Amino acid sequence: GSAAMAGLPDPRKEAQAYISEKRVDILFQELGTRLVFERPEDPNAFLLSVLEGLKKNRSDKVPSTFFTTEDVMTLFDMFDPTGRGEISTAQYDNALLSLGVENPTVTLPGHASTKVDRATFARCVKEELAALSLT
């Protein structure tokens with residue numbers, strides 16, 4: 001209403017610009033995903049340690065992703081409980097969603113049009129996580 005007519009800045013637009021510029025939404029998404037993935041006994045201490053790790057990585061110029069290769073392989077195994085060594089592309093998409101990747105940017109290789117093997121899964125998921133990285 002009246003604030004816009006008076007030429008004053010819109011606080012909602014300013015807040016959204018700040019969130020986008022500082023990538024606060026991505027930070028909260030990563031923290032929330034990590035909490036659900038790890039389920040620590042003390043969430044506050046856990047979040048503090050994660051944030052301290054991010055700060056250290058930033059000062060050391062090390063790109064940070066929350067998930068280790070081991071985490072990614074564990075996720076693959078969860079979608080491949082019979083140990084076939086491959087999952088469907090639908091399962092791959094679900095795995096990405098469980099990591100907080102809602103808009104994948106990495107294109108699966110042509111041979112992965114129906115099935116995704118372990119190595120392709122690891123490489124593509126790590127690329128997606130790196131694209132979401134905060135540093």
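Mentor: Let us begin at the N-terminal end of helix H7, which is capped by Asp 117, one of whose side-chain oxygens lies 3.3 Å from the backbone nitrogen of Ala 119. This is a polar contact (a pair of N or O atoms within 3.5 Å, where within protein one must be able to donate a hydrogen and the other to accept it, and where residues adjacent in sequence count only if both atoms are side-chain atoms). Helices (H or I, at least four residues) and strands (E, at least two) are DSSP runs, numbered from the N terminus.

Please keep in mind that this is a predicted model, in which local features need a pLDDT of at least 70 and side-chain atom pairs count only at pLDDT 80 or more, while totals for chains, interfaces and linings use all residues. Residues are numbered from 1 along each chain as its sequence is written, and side-chain values use heavy atoms, with hydrogens and water left out.

H7 itself has 15 residues and reaches 21 Å from its first C-alpha to its last, close to the 21 Å expected at 1.5 Å a residue (the expected span being 1.5 Å times one less than the number of residues). Its buried residues (under 20% relative accessible area, with exposed over 50% and partly exposed in between, for a 1.4 Å probe and protein chains only) are Thr 120, Phe 121, Ala 122, Cys 124, Val 125, Glu 128 and Leu 129. An α-helix has 3.6 residues a turn, so residues three or four places apart point the same way. The buried residues of H7 pack against H5, strand S1 (86–88), H6 and strand S2 (115–117), where contact means heavy atoms within 4.5 Å.

The structure holds two aromatic pairs (rings of Phe, Tyr and Trp, the last by its six-membered ring, with centres within 6.5 Å; planes under 30 degrees apart count as stacked, over 60 as edge-to-face and the rest as tilted). The rings of Phe 76 and Phe 121 have centres 5.1 Å apart and planes at 65°, so this pair is edge-to-face. Because Phe 76 lies in helix H5 (residues 69–79) and Phe 121 in helix H7 (residues 118–132), the pair ties together parts that are 45 residues apart in sequence. Both Phe 76 and Phe 121 are buried.

Tyr 92 also pairs with Phe 121 edge-to-face, at 6.0 Å centre to centre and 80° between the planes. Here too distant parts of the chain are linked, since Tyr 92 belongs to helix H6 (residues 89–98) and Phe 121 to H7, 29 residues apart. Tyr 92 is buried as well, with a relative accessible area of 1%, and Phe 76, Tyr 92 and Phe 121 form one aromatic cluster.

Of its 135 residues, 29% count as buried. As for pLDDT, the predictor's confidence in each residue from 0 to 100, the protein averages 80, and 84% of the residues score at least 70. Confidence is lowest in helix H1 (residues 2–5), with a mean of 54, and highest in S1, at 93; S1 is one of the elements against which the buried residues of H7 pack.
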